[in-house]
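Take a walk through this structure, one region at a time. Keep the viewer open as you read.

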Amino acid sequence: MTRILTFIAAFFLCLQLSAQVVGKVVDVAGEPLIGVTVIEKGTSNGVITDVDGAFSIKIPSNAIMMIHYTGYASQEIPVNGQTVFNIVLDEDIQTLEQVVVVGYGTQKKKDLTTAVVVVGEKEIRDRPMVSAAEALQGKAAGVQVVQPSGKPGNDIAVRVRGATSVIAGNEPLYVVDGVPTTDIRGLNPADIESMSVLKDASSSAIYGARAANGVVLITTKRGKEGVSGVRFSAYSGFSDIRKTVETLTTKQYRSLLEELNPGSWDPTWTGYTDWQEEAFGYGKNQAVQLAFSGGNDKTRYMLSTNYLNNEGIVKPARFDRYSVRLNLDNQATKWLKIGSSVNVLRSRTKDTPDNASSGRGGVIMSALNPPPFLSIYKNDGSGQYATNPFQPSWENPIAYMFGPDQQTTDTRIFGNIQAEADIFKGFSLKTNIGADMNAHQWDYYLDPFRTNFGRNQNGLGQADKANSSIWLWENTASYRTSIGRNNLSFLAGSSTQQSRWSNSFISGNDFPADVSVKTLNAANSVSASTDVQEWALASFFGRVQYDFDSRYLFTATLRRDGSSKLAHHWGTMPSFSAGWRISSEPFMQDLDFINDMKIRAGWGKNGNQEGISNYARYGLISYYRRAATNPLSGPAAVQTTYGNPDLRWETTTQTNVGIDLSMYNGRVVFVADAYLKKTDDVLLNVQLSNSLPITSIQTNAGAIENKGLDFSLSTVNTVKKLRWQTEFNISLNRNKVTRLDYTSVYYFGRIYSNNQEVAIVKEGLPLGSFFGYVADGVNPETGDMNYRDVNGNGIFDPGDRTIIGNGNPDFIFGLTNTFNWKRFDLNFFFQGSYGNDVYNATRIDLEGMFDSKNQSTAVLRRWTPDNRNTDIPRAVGNGNVDNVRNSTRFVEDGSYIRLKAITLTYNFNPKWFGKSGIRNLSVYATGQNLLTFTNYSGFDPEVNAFGLSATELGVDYGTYPQARTLTFGVNAEF
């Protein structure tokens, strides 16, 4: 009898320990929520609600259920032996309670007194990206992101509230898990939890001399207590060019050539090669990610591995990245926490030269300009690339693409280790040691056989190696306390950063005929150079924050930086900001549709040491051998720069006012900001007398102003069976050079084909202004271009040049709509720019008719004695570029609206997979750049041949075009 009772007791105990729990999850309106994650805390045991919001899970009776659904507040519910649950999820009013990463700490977004915008994981998920900076485009008000080129792995220009410098850096400072950097190309976007953009001086002043262009704080994913699992994701896709440029056929080209040079046509030139068809192909993109995460109350971990491959639409351009990240957190004792974030990556890049004419190796221009009758290879069976009969030094595009063997390899270790000790209640000490080490290798070999240039050089080999290391050590002390409704926090700290960069370059030609011999040891003519540079930055900073009942808020920051780059090492950057939560006042209580309303204002100063030469305050000397034929002659020395002992860093002062408004239980969120940025001591290369051996000196000689407005609006439009959310932002910025000392005007952006600069920096004008002549049409009598006599002196001269365009937009915007219906998610994202001009310098070589280059079909309407009323001047030849001077003729409207991304996702029901261990599974299809609405005639309006430059904006000169991409992917959790 005892055994029977014992068995019965054990049986019921087992039932209690592992029971089948069922339930339903709905929103506050009673509508079922589909795809809600229900998981046993501390395990991987979990399910997802079905189309009726129902779930069933086998779970111990003493367990805790964790309920999570994007857009709603998460819950933890003890089972306590209960077997049936009806769960109501409230919408997550993140705009109020969301914890935002700020400089050296975190803060509830509702208590911010500064201009901060957050881009979260949902903006990154299901959107294939190479660079994390892409996630900011169209998603963050006040942040302009431009992809100057569609080349894989290329740099992306990011401007936070406009450009502040001419020759120093204009990119923001990135801080990844507490380690500052200016390069995030190696960072895997799938590892990112959030990105906080500190837009105004009062939010970024804690970073002092590196924060004038804004700061982007990037937090990567970490393990969570009680939640363990494996995440797998993969995608693969293809891309093609959006449009091509129509060029002349062989027959049309012959007619033009006979007009330029009668009798020059060879009757054997009868073939036709569509060079754009040969050069532009299909690109490919793919990535695989495997991540493990989990933890308990002592230790948490996140390990991710990733491989990414992006092959461009113009070969051989490609970017491959291998990445491993390990994030660890450990509660060593009750009072001591330690953690680390380590990212190891290797990237390989193959380049396709662009932004150059066809005579200087530019592949894009070479796909437009070669004679259409020319073949890819010579017809003699030699395997050599065919040469241009008019200009043998001009290779065809296939020769430029595949003639050289070249690759860049970067191996990088980036991360930190930190420890935080809680000394007593509210008071803690923290130390952070970081490192950023990179080994760079570029190799280039052009054999002495296949290309014309290779034969002239008898082979060419080059190699560039660089090693860099940046070390960081930071220490902070923080204290938080509350007295009644008064909340006070203090932060004090120091930071030391030191960098060393070394480089060696070697080049040689005259290689053996055996093309398998590529070592530079085999070259007869070799030259080499070496360089070593160092810089250091020491800083002390502090911050105090006070609020009364989260109603009246105040923040003050002070940072003092000392930089080795400048003669005046030290600078002090203060900031102040305040906020008033009006919605907490008694007179607002009757307005129950307003959840939160806060006005804020801030002022502060920041410095800019990025982009400044490490030894700008010194007069530099370069050493070299007098003659390669006489190595015993000893080295010669020449001074290359003048030193400037009075050099100071650029200082930006910014004032910001804003309002945060949340209404209807967080379903409508509106944020607006107005700002004024003034940058003094702008660094410029001031012109000296041409009689001096060095004709310029770098000094502080100008001022720049940016002012503008940022608006963002987020709405939850429906919450029934169809959930619809909208996010919209728009930004307006006006840039102006307000002062230039010593030199009244600077010219930038030389176009090789006409040997003229197209960009100007002048007082009263914005950076990125175009400079040239005003084209008044074609003279019907002569067929030449008429240029306006702007200065009124009765003659055509350089004094007639004036402002002909502006590469800056009037405004930029982003619009995202997300729909959730049953197991389907649809997201489409539009991004655009309005009012910006593009200088289409590509047309100079396509419509100039000044030499033997093939032209676009626009020249079919060129001036002839029988066609006098036209907009295209006559064919001139003989290198005459009078008709293609930099002028309004080539300035076009660069405004565009682009369907940047559209994604359709299907979420599978985990019940279908039984006991396979699959917790979540979704598949998706994403289209990027599928539609672009623009009047621009070139390949793509989002372009800049001069890369990240702030002075030369929107210049298209054979620039690698952006592609349309279609990608298919899968995400799984186990």
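The model is predicted. Start at Asp 845. Asp 845 sits in helix α9, which covers residues 842-847. Asp 845 is buried, yet it has no salt bridge. The nearest side chain of opposite charge belongs to Lys 853, 4.2 Å away. Asp 845 does have a polar partner. Its side chain and that of Ser 753 are joined by a polar contact of 2.5 Å. Beyond its neighbours within four places in sequence, Asp 845 is in contact with residues including Ser 357, Met 365, Asn 369, Phe 850 and Tyr 957. Asn 854 is also one of its contacts.

Move on to Asn 854. Asn 854 lies in the loop between α9 and β47, a strand at 891-893. Is Asn 854 buried or exposed? Its relative accessible area is 2%. The cut-off for buried is under 20%, so Asn 854 counts as buried. The side chain of Asn 854 reaches the backbone oxygen of Leu 248 at 3.3 Å. Residues up to four places away aside, Asn 854 touches Thr 247, Leu 248 and Tyr 253, among others. Asn 369, Pro 370 and Pro 372 are also among the residues it touches. Now follow the chain to Arg 868. Asn 854 and Arg 868 are 14 residues apart in sequence, and their C-alpha atoms are 22 Å apart in space.

An α-helix has 3.6 residues a turn, so residues three or four places apart point the same way.

Strand β23 (residues 427-446) runs antiparallel to strand β24 (residues 460-483), and 20 bridges join them. Gln 441 stands opposite Lys 465 of β24. β24 also pairs with strand β25 (residues 486-509), again antiparallel, over 24 bridges. Here Asp 464 has Phe 505 in β25 as its bridge partner. The hairpin of β24 and β25 has two residues between the strands. In this hairpin Gly 484 takes a positive phi near 65 degrees.

Methods. Residues numbered from 1 in each chain as written. Predicted model: local features only at pLDDT ≥ 70, side-chain atom pairs only at ≥ 80, totals over all residues. Heavy atoms only, no water. Helix = DSSP H or I, 4+ residues; strand = E, 2+ residues; numbered from the N terminus. Buried < 20%, exposed > 50% of the residue type's maximum accessible area, 1.4 Å probe, protein only. Lys, Arg positive; Asp, Glu negative; His and termini not counted. Salt bridge = Lys/Arg side-chain N within 4 Å of Asp/Glu carboxyl O. Polar contact = N/O pair within 3.5 Å; in protein donor to acceptor, adjacent residues only side chain to side chain. Contact = heavy atoms within 4.5 Å. Pairing = 2+ DSSP bridges.
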